[in-house]
Every structure is written in C-alpha cells, then in structure tokens.
Amino acid sequence: MTKRLLLFCLLALSAFAQTASDVDKKLADLDKAVKSAQSAGDNAWMLTSAALVLMMTGPGLALFYSGLVRRKNVLGTMMHSFIMMAIVTVLWGIIGYSLAFGEWTPFLGSGQYAFLNGVGAAPNPDYGATIPHQTYMVYQLMFAIITPALISGAFAERMKFSGMLLFMTLWTLLIYFPMAHMVWGKGGFLNAALGGKFPALDFAGGTVVHITSGVSALICALYLGKRRGFPAEEFRPHSLVLSVIGACLLWVGWFGFNAGSAVAASSLATSAFVATHFATAAAALAWTFAEWLKTGKPSVLGAISGAVAGLVAITPASGYVAPMPAFVIGAIAGVGCYLMVSVVKHKFGYDDSLDVFGVHGMGGTMGAILTGVFATNKVNNVFGGKPLGLIDGNVAQVGNQAIAVVIAWVLAIVGSFIILKVCDAITGVRVEPSEEIQGLDLSMHGEEGYNFEG
Amino acid sequence: MKKIEAIIQPHKLQEVKDAMKSIGIDGMTISDVRGHGRQKGHTEVYRGMEYQIDLLPKMKLEMVIPSERAEEVVRILMESARTGKIGDGKIFVYEVADAIRIRNGDRGDSAL
C-alpha cells in the first residue's frame, strides 16, 4: 500500500514537473516568436526607409538640382549627387560609421567599428534594439550621402570635379561625422536620448544634415565667387520638369528620412510621417501664396521650393510635434525661406546658385528653433515624463536648441573655410574660365546631356 | 523657281500646312526657331530673379516652288498665318538658281 502511494506521488510529481517545464518552454517560445515578429516588422520598415533615403539623393536631388542649371551643366550637376552615393559609402564602411556612432568623446566617435568590425546581425540596443546593427548602419549611411550632395547646389556650374571630390571627402570626414556623433552618437555632446550635456532635440537631422550643409553651402558660394556673368546674363533653369520630378521624389523619400528615424515600425513613425507630410503641404502653399502676392504669379518653382523648405524645417521636429504645429512650422518655413532667397539674397548679391543656404541653412535653423517651441512629450516621451518644448513649459529647451544651432553653424563655417583653402592649394576648386563657358558636361566629363541628333 | 521663307507663330503651323496642302504644295521644311521683330517679349521670374525674355519661339517654313505660283502661295500663307496681332511674323521670297533631286538627278521645276 505504502509502495503504491509512493509510486502515485512520484508519478504525480513528475507529471507536474513536466507540465511546468512545458509551460516555461511555451512561454519562452512565445516570447521569442513575438520578438522575432517585431524584429521582422521593424527591419522591413528600416530597410525600406534606407532605400527611400537613398532615392532622395539619386534620382531626387540629382533631378531637382540639374533641372535648375543651364543645359550645358546638367550632367555635371547630376554627377555631384550621384558620385556621393559611391564615395561616402566607401568612407562610411572604412571609418565613417565608427567615427559617428562609436563611443569615445562627446565630439567624435572611436575606431571601434572601423571596417564595420562588430557591426552585424545582432542589434545594438543603444541605437535600435529590434533591428540588426547592420540595418541601422546602412540606414544612417544614406543620411551621410545626401548631406554633402545638398551642398553641391551652391557651387553648381563652376566647381572643378577633382576639387569637388576632395572637398566632399574632407567635409564628410571633418564636419559630418563629428556633427552626427554629437547629435546621435552614444555620449554625444548634444544627444537627447543617450546622455548628452546639452540635450538638443533633432529627430531626423535638422542640425546634422540641413544646417551643416546649408551653412557650408554659403561658405562655398562666397569662396568660389559668382558664376561668370552672374547676374547680368541669363541663368534660367533649363528644365523645371526635371526639378518637379526631383522635388516629388524628395517629398516621398523624406518619409524614409523622418518616419524612418523612429528606428521602428511604430506609432512614433506614423506620427513623424504625418507631421512631415503636413508641414510640407503648408510650406508649399505658404511659399506659393507669398510669391503670388509679391510678383503676381504663383510659380511652379515656388511651389516645389516651398515643399522642400517645409521638409527641411520639419526634419528636426518630425518625431516630437503634433500635426497642427507641423502646419505652423511648415508655413513659417515656407514664407521665411521665400523671403530669404528672393529678397535677402539679392540684397547681399552672393551667388548661392541653387539656394542651398536659403532653403537648407535657413529652413534648418528655423526648424531647429521651432522644434524647441512645439516639441511635446505627448508625441514622444524622450525625457522620461519631463516636459519637452516651450509648449510643454520647458523654456530651457529653446536655449538647448540654440546651442545646437550655434555649434552646427560654427563648425560648418570654420570647417568649410579651412577645407576649401586646403583643396584650393592641392587641386584647385574652380574651373578655368574657358571650361566654365563650355559647360561642365563637356569640360569635366567629356559628354553632353542631350544628344537629340543621335 | 522661288524660295518662300516664312517665320510664323507656332500655333498657326497646322493651319498653314493644311492651307498649303489644299493648293497642292506638299513639300516644305520646318524648323523651331527663336527671334523677335517688333513684338515685345515677356518677363520670367525664378526665385526672385527676373529675366526679360525677348527671343520668342517661332516656326520657320521653307518651300521652293515654281515662280508662277509664288504670288498665290504668299497670299494663302498670309491668310492662314494671320491673327492680326503683333508677332504674326514675316514672309521672304528669294530667287533660286537651281534645284536637284538627289535620288535621280532631276533638275529645275521637275525636281520640286
């Protein structure tokens, strides 16, 4: 009897133990399945976003810019954007990603990820806990590509190709990588989420991308001087059709830029997507109506330029603001940038050929400051429950935003000037007068954009 | 033989072609050209930069016809290309020394 009882107890115990371990295993499996599903979803969105951001440079920016130049420079201008897709990728793989996202000083990353060492399938929890580290790396690469490409609009139609390559290489190394580290790198000086001294809110790159490129563009325009014959001769855009297509591709690609900066297929990505779209619409309308009032005609170039100004201004704010403030940010940027390129620029007389400073420099600066005004923890609780921007009651944030703006401006001005001096000494930066008259397509590349006789 | 060269408004091209066809003139060469006579141009504004555009797009027609048809062709051309406004263009008439058909060497009126 005792033996039977003992046997029964043993059996019951073992059955219980088996059930318990079954449940544990099932829970673990379930947990794993949920994580893998989330990872799959996030990774799909982030790879899509990376492709969208690359599309902004080529064909987006290449078309937008090349339509605005004269026919003899169409290929040279496209090449300025296209070659960035190649050269920055090489720099990024060798050392760039590491300098931007490695952990070292508040101003520059380390060499820990040089040659993409340690950047593989395993997620980096600091940057994106649910996606492969490699996805994050290639997504960020696309930002590094478009930023120098943006500058090229300022020196369009007159920069020597060799000088341009050297300038862009040094600029990416000495200005973009440090700035990206300060704002997005772990321990970066201005990083809002990962322990920065002055946490500045820059969701998708208002300071890193647009202020640095826009301000550097102004320095390039001033250093290289005006195009021959400017402004007496005719510098009409040779094909606004190209520019409209380019601007539309930029608008679409920008969803990858801003909504992708959520680094997940999350509701925050949706919020950034909506804010981006709303600001762009408001800015396109604002520029169009401002111009209509001033010159009597609502131009197509005005509408697309306004859209780009709105995209620029909402970039730092996109993951922190609600849709209605996005309208306001867009409208301010649309009117502000219009006045900048059509009134202020002509007063000063510099030849920022395709208005990189007026749109990206000024639009980026307005956006960075307005982010400090309209950011709210109802959209993105990045400060752990504390208020974000002025409308949350955090006045100091506007100050932090201003610090980030000043750093980006100073770095861009000083850095670009020094780099231009170096390039001027090594390769030269400006083409010969005869080459400029002939056009960059023939003089630099030995080709023509339009051979209709063929 | 005469050569008729006419500079006309681009939107009148179809009407002129139809009129020429109706009187049996079906050989012509057409090119896109830009120019201006007394017609004033227009202003274009790109991001606040103003450009005075005084060379306007026109069509140039060239036809070589037997001399005896010249007056008739000029009359029909005028009728079909006219809008009555400045910018309608001009017609020039030249003497032609000879015409040769490249395919078989026909010369003179029979080459037209």
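## Contacts of A:Val373

Beyond its neighbours within four places in sequence, A:Val373 is in contact with A:Gly389, A:Leu390, A:Ile391 and A:Val398 (contact: C-beta atoms, placed from the backbone, within 7 Å). A:Val373 belongs to helix H10 (residues 356–374) of chain A. Helices are DSSP runs (H or I, at least four residues), numbered from the N terminus.

A:Val373 counts as partly exposed because it has 18 C-beta neighbours inside 10 Å. The cut-offs: buried means 20 or more other C-beta atoms within 10 Å, exposed means 12 or fewer, partly exposed lies in between.

## Basis of the model

This is a predicted model; local features need pLDDT of at least 70, side-chain atom pairs pLDDT 80 or more, while totals for chains, interfaces and linings use all residues. Residues are numbered from 1 along each chain as its sequence is written, and chains are lettered from A and ligands numbered from 1 in the order written.

## Helix H3

H3 of chain A covers residues 133–151. Of its 19 residues, 18 are buried, so H3(A) is largely enclosed by the rest of the structure.

## H4 against H5

The axes of H4 (residues 161–184) and H5 (residues 206–224) of chain A come within 9 Å and cross at roughly 145 degrees (lines fitted to C-alpha atoms over the stretch in contact; angles run from 0 to 180 degrees between N-to-C directions). Residues meeting here include A:Trp171 and A:Tyr176 in H4(A), and A:Thr207 and A:Ser216 in H5(A).

Note on methods:
Helices (H or I, at least four residues) and strands (E, at least two) are DSSP runs, numbered from the N terminus. The expected span of a helix is 1.5 Å times one less than its number of residues. Two residues are in contact if their C-beta atoms, placed from the backbone, lie within 7 Å.
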